[in-house]
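This report describes a single protein chain for a reader who is new to structural analysis. Please keep the sequence and the model in view while reading.

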Amino acid sequence: MSFFISPAYAEGAGAMDPGMFNILFLVGFGLIFYFFMWRPQAKRAKDHKNLIASLAKGDEVITAGGIIGKVVRLSDDYVVLEVSEGTELKFQKAHVAAELPKGTIKNI
């Protein structure tokens, strides 16, 4: 039966070196890790650092815990928020999640 079908030999074809394949695989994995994980996280950290640095008295913010308040006092590490009339809470600056548009808080 083998006289009808000639056997195929792949002697002339050069296979890719397994070491080169592994290096390309690791480089590809590193690029995927960089573009999908490290770079976006670094951008978010930079934006948060700029937010913390730009806080000023009178800004309306929301904390990581969801508390909304107006900045009353600032120190190096802490911010004091007025959450209602006469009620002030002290937070670490790092826990300020976002700055709200002016006029968001109506009854303070």
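Ile 62 lies in strand 1, where strands (E, at least two residues) and helices (H or I, at least four) are DSSP runs numbered from the N terminus. The model is a predicted one, in which local features need pLDDT of at least 70 and side-chain atom pairs count only at pLDDT 80 or more, while totals for chains, interfaces and linings use all residues. Residues are numbered from 1 along each chain as its sequence is written, and side-chain values use heavy atoms, with hydrogens and water left out.

Is Ile 62 buried, partly exposed or exposed? Its relative accessibility is 23%, so Ile 62 counts as partly exposed; the term covers values between buried (under 20% relative accessible area) and exposed (over 50%), computed with a 1.4 Å probe and protein chains only. Leaving out residues up to four places away in sequence, Ile 62 touches Ile 67, Ile 68, Val 96, Ala 97, Ala 98 and Leu 100, a contact being heavy atoms within 4.5 Å. With Ala 98, the separation is 36 residues in sequence and 5.5 Å in space, C-alpha to C-alpha.

**The chain as a whole**

The protein chain contains 1 helix and 5 strands, and their order along the sequence is α-β-β-β-β-β. Of its 108 residues, 18% are buried. Among contacts with a separation of 6 or more, 40% join residues 24 or more positions apart. The chain exposes about 8,600 Å², of which carbon and sulfur atoms supply 63%; accessible areas come from the Shrake-Rupley method with a 1.4 Å probe, and for residues only the protein chains shown count as cover.

**Helix 1**

Helix 1 covers residues 18-53, which is 36 residues. From its first C-alpha to its last it reaches 50 Å, close to the 52 Å expected at 1.5 Å a residue; the expected span is 1.5 Å times one less than the number of residues. Where is the kink in helix 1 centred? It is centred on Tyr 34 and amounts to about 40°, the bend at a residue being the angle between axes fitted to the seven residues ending there and the seven starting there.

Pro 40 is also found in helix 1. Beyond its neighbours within four places in sequence, Pro 40 is in contact with Tyr 34 and Phe 35. Pro 40 counts as partly exposed because its relative accessibility is 28%.

A nonpolar surface patch of about 1,300 Å² includes Tyr 34 and Phe 35, with Met 20, Ile 23, Leu 24 and Trp 38 among its other members. Patches are made of residues with over 30% relative accessible area and no salt bridge; like charges are joined within 9 Å, and nonpolar side chains (Val, Leu, Ile, Met, Phe, Trp, Tyr) within 5 Å. Trp 38 lies in helix 1.

**Salt bridges**

How many salt bridges does the structure hold? There are 3, each being a side-chain nitrogen of Lys or Arg within 4 Å of a carboxyl oxygen of Asp or Glu.

| Asp 47 | Lys 43 | 3.5 Å |

Asp 47 and Lys 43 both lie in helix 1, 4 residues apart, which is about one turn of the helix. Asp 47 is partly exposed at 40% relative accessibility, whereas Lys 43 is exposed at 54%.

Asp 59 is buried, with a relative accessible area of 7%, whereas Lys 102 is exposed, with 59%.

**Lys 90 in strand 4**

Strand 4 also holds Lys 90, which is exposed, with a relative accessible area of 60%. Apart from neighbours within four places in sequence, Lys 90 is in contact with Tyr 78, Val 79 and Val 80. Lys 90 and Val 72 are 18 residues apart in sequence, and their C-alpha atoms are 9.8 Å apart in space.
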